[in-house]
Structure formats: C-alpha cells, structure tokens
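Visitor: I would like to learn how to read a protein model, feature by feature. Where do we begin?

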Amino acid sequence: MVSDVANNAGQNLAQKLNDGIKFDVPMEDGTVKTATLRTKNGSGANQASQGATGKVLRSDGYMNVAGYKMKTMQFDYEITQQDTIRLLACVGETEENIHIPDYIGGRKVTIIGENCFAHVAAKSIYCPKTIEVIETGAFRKCAAESISLEEGLKTIGEGAFNNTIALKRMNIPNTVTSIGKGAFMACGVEYLHLSTGLTEIPADCFFMCHVRNLVVPGSVKSIGANAFANVKELRSVILQDGVEIIGDKAFANCLELREIEVPNSVVHLNLNMMEGSGNAYFKVHVDHPIWDDIRNKKVELNFIERLSVYGKEWVALDFAKWMRELTGESFERPRMDEEYRQITFMMANFQARAFRDAASDEGTMMAFAGMNMANGSILSGSAQQVAYGLNSLDGAQQQES
C-alpha cells in the first residue's frame, strides 16, 4: 500500500501525459508497434482541477479537421476567471504556418498573452475570430510576413507588433476599439487599414513603420505625439471628417510626405506637426478655421507656405476678397511695408497651387487663365504688380459671368 506521494507527482504525471507516453502494442501478425498515449487538455476532472489551481497547461500537438488529426503547434496556456483560454507561449518545433486554435479542450481561446509569439520564426500566423485581446509585445520581433486578424478582436496592447519588420500588410478589424502606445513601432507594414472603431491613435503608434498612403477614419478624434513620425515612405494622408486633434510632431520627419488632407473638424494646425517634413502641405477647405487665425495674425506668416486648398472649392474672386480683408487696403493703393511684401510673396506659391488643383474644373478655367497672366508679376515680389495682376483677375471673372 502506498503511504507517501511526492508533492509534484501529479504534476509530473500530467506533463508526461501531455508530452505523450510511448508503449508497445502487439499486432495480429506477431509484430510489435510503438504507440503514443496523449491526454487531451481541457477534458475530464484533471483539467478542471489544474485550472482551479492556476497551473500552466499545454495544448495538444494536433487538431481534428474533418475527422482527421492534423499536426499543429503546441501552446502553453492558462484558464482565465471567465473560463476562457489565455495563450502564454508556443512551444516545440516552430511551424512555417501557424494556425492559432479557436478552442482548446472545449474552452474558447480569447487572449494572446504577453510576448506569446515574440521572436517566433513562422512565415504566417492566423488568429481566429475568438481572439479578443492581443497583449503587450505579443508579436514583438516576430518573423512572420503575414498575420491575419479577424473581426471580434477588441484590444491591441502596447508594442504588440514592435519590430515585426517582415510584416507588410495590416488590416486592423473594425471591432478594434483600443490600440496601445507604440503598438506598431518600427513595423514593416506598408499597407494599413485602420479600424473604424478607434477613437484614438496613441503616441508612437506607427513610429518608423513604412506606410505609404494613409486614411484616418473620422471615428478617430485624436492622433498622438509622434504617431506617424519618421515614416520615410509616407506620401499622402487623408484625415476624414471627425478627426479633431493632431499631436505634437505626429507627422515629423516624413521625408516623402506631400500633403495632409485636413477636414474642418481639425481646428488647430501648426508647423510643429510636420517638423522635418519639408515638402508637405496642409490641404484645407476655403472655410477652414485656419483662415480666421491668419486674418487675426494668430499664425506666423510663413505658415501660409504650408497651405493648399481643395481645388474645386477655390474661386479666384474669393481669393482677391480675402487678400483685401487681410491687408485692410485696396489694391489700387497697396501698402509697401515689409509685412505686406512678405504676404504677397508667400501667397504667390499658395495661389499657384490652388489654381493648379482647380485647373481641371471647367468653372474655373477662365480664372486659371487670368491667374497665369498674373503669376509673372506676382513672383517679382512687387506689391503694385500684384495689385495689377489681381485686378486683371477680377476683370476675367466679370467677363466670364
């Protein structure tokens, strides 16, 4: 009769059953074959008791597909208080294509734990619809070229995809409502779809990634500091109506950036947002609040050089009217002070861009021709010649009407 059992005997037995116990099986023809006995984690009283004590468990090395057993990656995991599965680490020999199971032992797999796939050398990883949370650093420095996320995912933790440099495409499901700071920092992503469930893009979120064209949905109210800074390949940004705040240096040092399309919902603009992005412009509507700031001299004059407008909304007569309101003088008797010269010189490039954008619109073709006639005079920097050019433009508008 056994009188004493070591404290860890049960645990060792469970581990052996998970890893597999080999034994010989005699066959009818007299030969002997070796079989492996495994236990399915999640079934029976053994699994329930382990869950109650918070033990780390290990999943099977296979899954049933249409009645056939298919070899899969094994995972260390734990059972949450909600009676679901939180993956802790993938173990054993790494597969080229990893398919995360949606259930283990009858329990839903809902969480990919901290650093679970960090440094894993897989080519692709599929996350099932049951996954709701991806924790901190879950795919950090993972070698995967493809990581598929499905609708049902709600939260992506800090640094979750940090330095996943082989990853080129990322579709963030619309069910995602929260992304952690630096979640995709230094990630290789070139194509990005942002969730329409997001209300915030946190600081450093896509710092140093490789996105080329960006659309930020209107559900996002704020873009954090350095969120897209140092994205060297970024060329165009469209902020949909609803975005309100662009953080400090959010698009700094984006060397290929040409323009940021800004809705009227973004009230505050400053050059600090695009520091080091020398060729970039804010593309705004003619009724954007920034014009009031310029009229009231709340914005430095050189800010005008970073503004462009939606071409089809631009009318030459509105431009002339705006210039008159800004200077407080008629163009027949222009002021010759330094401030006025600065304004007219900077507006030369501004108006050229505006009418270039509008050139394809039939309603502005005559105005565009008039503007071309005036451009040579404007670029000379003479306020009197600017006045002549704009008066000529007014005449062209009147003839058209």
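Predicted model: local features only at pLDDT ≥ 70, side-chain atom pairs only at ≥ 80, totals over all residues.

Visitor: What holds strands of a sheet together in general?

Guide: Strands of a sheet pair through backbone hydrogen bonds, either parallel or antiparallel.

Visitor: Which residue in β25 stands opposite Phe-282?

Guide: Leu-307 does. β24 and β25 also pair in the parallel sense, over 3 bridges.

Visitor: What is the strand order of the open sheet?

Guide: The order is β19-β21-β23-β24-β25. The sheet has 5 strands, with parallel pairing. β19 (213-216) and β25 (307-309) are the edge strands, since each pairs on one side only. On average, neighbouring strands of this sheet are turned by 20° against each other, direction ignored.

Visitor: Over how many bridges do β19 and β21 pair?

Guide: Over 4 bridges, in the parallel sense. Strand β21 covers residues 236-239. Its Ser-236 is the bridge partner of Asn-213.

Visitor: Now a single residue. Which residues does Glu-259 touch, not counting those up to four places away in sequence?

Guide: Glu-259 is found in strand β23. Leaving out residues up to four places away, Glu-259 touches Arg-235, Ser-236, Val-237, Tyr-281 and Lys-283. Glu-259 and Ile-238 are 21 residues apart in sequence, and their C-alpha atoms are 8.5 Å apart.

Visitor: How does the accessible area of Glu-259 class this residue?

Guide: As partly exposed, because its relative accessible area is 26%.

Visitor: What about the whole protein? What share of its residues is buried?

Guide: Buried residues make up 45% of the 401 residues. The protein has 7 helices and 25 strands.

Visitor: Where do nonpolar side chains tend to be in soluble globular proteins?

Guide: They tend to be buried together. In this model, the largest nonpolar core has 81 residues. Those that touch the most other members are Phe-117, Phe-139, Ile-156, Phe-161, Phe-184 and Phe-251. Several elements each supply at least two residues of this core, including β6 (74-79), β7 (85-91), β10 (107-112) and α3 (290-295). The sheet strands β19, β21, β24 and β25 are also among them.

Visitor: Which residues is Ile-156 in contact with, leaving aside neighbours within four places in sequence?

Guide: Among them are Ile-134, Leu-149, Phe-161, Ile-172 and Val-176. Ser-178, Ile-179, Gly-180, Ala-183 and Phe-184 are also in contact with Ile-156.

Visitor: On to charges. How many salt bridges are there?

Guide: The count comes to 7 salt bridges. The rule asks for a side-chain nitrogen of Lys or Arg within 4 Å of a carboxyl oxygen of Asp or Glu. Arg-107 and Asp-83 form one, with their closest N and O atoms 2.6 Å apart. Arg-107 lies in strand β10 and Asp-83 in the loop between β6 and β7, so the pair ties together parts 24 residues apart in sequence.

Visitor: Are Arg-107 and Asp-83 buried or partly exposed?

Guide: Arg-107 is buried, because its relative accessible area is 15%. Asp-83 counts as partly exposed, at 42% relative accessibility.

Visitor: Which residues are linked in a network of salt bridges?

Guide: Glu-78, Arg-86 and Glu-135. Within it, Glu-78 forms a salt bridge with Arg-86, and the closest N and O atoms are 2.9 Å apart. Glu-78 is partly exposed, at 24% relative accessibility. Arg-86 is buried, with a relative accessible area of 18%.

Visitor: One last pair. How far apart are the closest N and O atoms of Glu-190 and Arg-212?

Guide: They are 3.8 Å apart, and the two residues form a salt bridge. Glu-190 lies in the loop between β16 (178-179) and β17 (191-193), and Arg-212 in the loop between β18 (200-201) and β19, so the pair ties together parts 22 residues apart in sequence. Glu-190 is partly exposed, with a relative accessible area of 30%. Arg-212 also counts as partly exposed, at 42%.

Conventions. Residues numbered from 1 in each chain as written. Heavy atoms only, no water. Buried < 20%, exposed > 50% of the residue type's maximum accessible area, 1.4 Å probe, protein only. Pairing = 2+ DSSP bridges. Axes fitted to C-alpha atoms, helices over the stretch in contact; angles between N-to-C directions. Core = buried A, V, L, I, M, F, W, Y, C linked by side-chain atoms within 4.5 Å. Contact = heavy atoms within 4.5 Å.
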